[in-house]
Amino acid sequence: MGTWSRLQRLWSFHPAWLALVAALGLTLIGTAAISTVDLAAGTGSLASQQLQRLLVALAAMALCILPHPRRLALWAYSLMGLSLLLLTVLILPGVPETLVPVRNATRAWLNLGLIAFQPSELAKIAAVLALARYLRHRDNHRTLRGLLAPFLIMFLPLLLILREPDLGTALLFPVVLFAMLTAAGARLRHIGSLLALALLALAINLAIIWFLPDSMQILKPYQVNRVRAMIDLARGGDRYLTSEGYQQSKAITLAGAGGLWGLGKERAATLLKFNHLPEAHNDMIFPVVVLRWGLIGGLTVTGLYTILILAFLRIAWRNKDPFARLVMVGLSAFIFAQTAINIAMSLGLLPVIGITLPFLSYGGSSLLAGYMSIGLAFNFASQAPAIITLPSFEFDTAELATH
Amino acid sequence: MRPWIKQLIPSMFQRRLLLLGAAAALAIALITAQLIRLTVFAGTDALAKAQSVLVDRRIIPTLRGRIFDSKGRLLAQDKPCFDLAVSYPLLNGQWAYEQARRLARQANQNVWHRLDRTERERRILQYLPQAEAAVEQLWDQLSRLANVDCQELELRRQAIRKRVEEMASQVWSARLADTLTDEAASGEPDLSKLFRPIGEQRAFHSILFDIDDSLRLIVERQIAQAEADPASPDLNLAVWRQVRIEKSWKRDYPLLQWTVQVDRRLFPGPLRSSEPLTVSVDGLGLHILGTLRNLWREDNFIREKPFFRRDNQGREHIDLAGYRLGDRVGYWGIERSCETVLRGRYGLIIEHLDGQTAERIDPIPGSDVVLSLDIALQARIAAILAPQTGLMQRQPWHRHSDQHSASADQPLAGAALVMDIASGHILAAVSVPGFTLQDWQNNPQQVWSDRINRPFVFRPIAQAYEPGSTIKPLILAAAMTEHVLTPSQTITCHGMLNPDRPLQLRCWIFKQYGLSHGELTAPQALAHSCNVFFYTLGQRLGGPTLVTWLQRFGLGRTVGCGLDQEIAGDLPSTPSSISPDQAIQMAIGQGPIRWTLLQAASAYAALARTGRWIQPTFLQAIGSQPCQPAEIDLALDPAAVQTALEGLRQAVNEPYGTAHHLATLNNEPIFTVPGLRIWGKTGTADTGYSWIDENADGQPQPQEVRQRGDHAWFIGLVAPENDPQPRYLVAVIVEYAGSGSLVAGPIANQIFLALKQEGYL
């Protein structure tokens, strides 16, 4: 079956189209919000730059449609190796700053002269592909020992990203791991116990942050303070208003100020300008959206994300190929986790972590990774219904059959 | 797994997808709920909060009112000036440390986030000398430019640091005390909140005051250069960003210093000289004028009348007459008591940043205050009371009994007050020892806490003394008004009240010479200051009546002279509780009775006005509004007043009067200023001793006794020779000095002369 005939199948209505429309909608809303930030800044031209990057991202999306899914699976480990290599370059000592610039005290960028991008965005997709490839024809992840390899695959990039340091991105990997393992049919009691362990660790750390003095903290001081700031803000306190809690309190205030319908562009830009919300175009784009279009705007955005995730899951649902299934689950988990964490932190539900809002935030790498995911969705959606109907990850029926 | 789900969705994978979807739906629901809460339920508040930053308020300072004396001389005013201020972080080394940290961080950019605390500290210390050198160079430059000694500058820096650190520790302990009571129920106090830096630790502090224009221009140019290039790596330039020229209002007291020529030709014998003495007085009227201080954050003024306040609903209120951190406020004296009048109201510019519109509320300057004082007269009296003249030094002819106390050769402490009888206006009031504004600014602690000299106490109104014999004219007037003594009645002095008990209630003449006064009329009794006569009147009046009369004369309460320092003195508040024995003692001004110079003066003035008591005051007018002192008619019998005044006249003018001559100086007359008609009364008040409880055991030890002996009083009324009515009142007290006639009389004589020199007589 040639590539062309495979692609022809895309012309019929398919959930991937829904995902693309939702993604484009989000990017347009994002661009409009960024233009509000531009207006507030008075000089910015971020919105038009974002549109240029959208074109690049769409091109990348198209590229991702082309290779046959089987080939994708074949490349998965090499891609993973490449991204691990790039991540290692970031944190190697002695790498010149022309190649790895330090931005916000983080070495997350690779500057290749013509373009600069974040290898961690590539690592996300590569990790999903690699894990899907690893799990696709296996059942040993239904034992506790069998979980070791999947954990390794996910924690290698996680550790490298943590060293940049980019806690926000690193945190996404365990979420995706658990989602993919669940989908791949790992035993729920294993996943449950591991989740319980993670929650326990989280609770212990929260308790340490809350009850113990600064000298006995495990996290970095600024991270401890961000957690404290969030809890204090939620309790209506004012201790951190001018320090660690500043960004979050401004975000909450500006989001709330949008009300039901939001304010006009001019008004929103004025409020934005004089309230000085840091990273308004980037991590904190969601409050800008709510400021401008109110609750309706916020619900539209969450609705579009829901549509996008549902479309991804629908592709996984219909597909019989285990690799495609897991990749779709992994990608949607990435997008969902990133979105949920970003919105939750901008609404004061989670401590502030540097993490962008997929499709909306200003930034090329983030946009690129997002649209590459869409491209993969198209790719899998174009797959012919498998003729072999050996069910993938249907362990209970298999076990029933052996009984 | 429930079978019905398995039947509904046979694929395990799809069931797992649903599980994941459910988890996601939960998260989405949570986020949506928060979104709705923030926008719909908290939206209005959030909008108000977001919009509040759109309003920019700028405060327009106001001018504090001026203070004048009764002759229109300017005593206090706001004067514009420029100060050079430096940031506190520069003073305490924090700036240098931060610069060193910045440099260290820049140099170790790639590894900084991996270094632990000790290693970072080590690298910072490498850069610290460089940053400190920049600061040192700044001090050198400033010292050279302002022509202020380097060491002097260093002292000022230390003084600021000491002051701010003390303030911080006070604020912190106040916060701690507050928190401990507040959070007694709610557990652990939050230490980081308690000990957060106070405003002064972030603020700029003036280090060079009232700088001249050339220095200001140089410094401003340096600052502008530093501001123009904020990214400059040159620390010697960057350090200038920690310097500011601050336009400030200096409270200027132009007449604190006077030089007076004291004419000594009418001084008592040994002190007399044809050569005038030049006396420089400083801190003139400082007790009365007061001065200003800056408010601190926990100040009561800010708590009670804040400039800016947010109510429970989060609404903002601005009180233009309210107080802000760093505001100046009166500390004591008129500056304090007339604070609300002098202060004025801020102006305000409210600028709406979105619409570029502005509202303006003009400031209202404070009202001027006119005092009853004549500062020239005040200066003359301050000069008379200065130690150089010798009048306030122990003299051999003072006949002082105490040669042993610790302060035998110290200048005497005391006070004098001059009042215009018709109006009750206080023309002058001097307290010695006093202090100068420089003393206060350089070392307020020393002024405050000097328990021996107590320079801060404004004695004419804030120190009560036993009246001694000076109470007698009031007792006489009261007794005759109450008809316990008729004008023609006489009382015979046998040297003691009760000849059966010769050791008790003796007359002073018996104690000193073993004599008695014999039969006396009322005026003679006053002139002789016979104790037996007044013991008898006290006996006849009885305690309740006597105390009621003293209350009418203004004892035992503050009279409201316009200064907050005023005290009430001592007088039993329940007349019925006074025993007959106490009444007998109180009739000669001993026992449970103490009054201030001010109370004594207002009571004598009421006598001179034939029973009309007028509230004595330091205030003549506030703004354009003259002050109206309260008046009370004491309903004294005019004949009684005439008798008392006749007694006062005899005391000064008849050879047997206690205020007639200096018995230890060849009987030379006390009052030597020609052309005056004088009435007066001496007092030698038995007062025990003063002591300072150095070991805090509540018991006086011999070495803790500072002074013993009698307070010397003289209260006199004076008029030009041809005027039958007293015009001015002069009251003098010298603490632990002995005889009223020997010590206080000559001082009053010089004050009469001063009144004449200033054209009052």
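Q: How many salt bridges does the rule find across the interface of chain B and chain A?

A: The model is predicted. Across the interface of chain B and chain A, the rule finds 0 salt bridges. Polar contact is counted separately: 5 residue pairs between the two chains are in polar contact, both residues being at pLDDT 80 or more.

Q: Which elements give two or more residues to the side of chain B that touches chain A?

A: They are helix 2 (12–41), helix 3 (43–52) and helix 8 (191–194) of chain B. Helix 2 of chain B gives the most, with 21 residues. By residue class, this side of chain B divides into 23 nonpolar, 11 polar and 9 charged residues.

Q: What is the area buried between chain B and chain A?

A: The size of an interface is often given as the accessible area lost when the parts come together. Here the area buried between chain B and chain A is about 4,100 Å², and carbon and sulfur atoms give 69% of that area. B:Phe13, B:Arg16 and B:Leu35 supply 17% of the area that chain B buries against chain A, more than any other three residues. In terms of contacts, 43 residues of chain B meet 54 residues of chain A.

Q: Turning to the sheets, what is the order of the open sheet of 5 strands in chain B?

A: Strands of a sheet pair through backbone hydrogen bonds, either parallel or antiparallel. In this sheet of chain B the order is 16-15-27-26-25, and the pairing is antiparallel. Strand 16 (426–432) and strand 25 (676–691) of chain B each have a single partner strand, so one side of each is left without a neighbour in the sheet. Neighbouring strands are turned by 10° against each other on average, direction ignored.

Q: How many bridges join strand 25 to strand 26 of chain B, and which elements does helix 27 of chain B touch?

A: Strand 25 of chain B is joined to strand 26 (residues 705–720) of chain B by 14 bridges. B:Gln707 in strand 26 of chain B stands opposite B:Ser690. Helix 27 (residues 740–757) of chain B packs on the sheet, where its contacts are strand 15, strand 25, strand 26 and strand 27 (728–734) of chain B. The direction of helix 27 makes about 40° with that of strand 26 of chain B.

How values were computed
Residues are numbered from 1 along each chain as its sequence is written. Chains are lettered from A and ligands numbered from 1 in the order in which they are written. This is a predicted model: local features need pLDDT of at least 70, side-chain atom pairs count only at pLDDT 80 or more; totals for chains, interfaces and linings use all residues. Side-chain values use heavy atoms; hydrogens and water are left out. Two strands pair if DSSP finds at least two bridges between them. Helices (H or I, at least four residues) and strands (E, at least two) are DSSP runs, numbered from the N terminus. Axes are lines fitted to C-alpha atoms, for helices over the stretch in contact, and angles run from 0 to 180 degrees between N-to-C directions. Contact means heavy atoms within 4.5 Å. Buried area is the accessible area (1.4 Å probe) that two parts lose on being put together, summed over both. A salt bridge is a side-chain nitrogen of Lys or Arg within 4 Å of a carboxyl oxygen of Asp or Glu. A polar contact is a pair of N or O atoms within 3.5 Å; within protein, one must be able to donate a hydrogen and the other to accept it, and residues adjacent in sequence count only if both atoms are side-chain atoms. Ala, Val, Leu, Ile, Met, Phe, Trp, Tyr, Cys and Pro count as nonpolar, Asp, Glu, Lys and Arg as charged, and the others, Gly among them, as polar.
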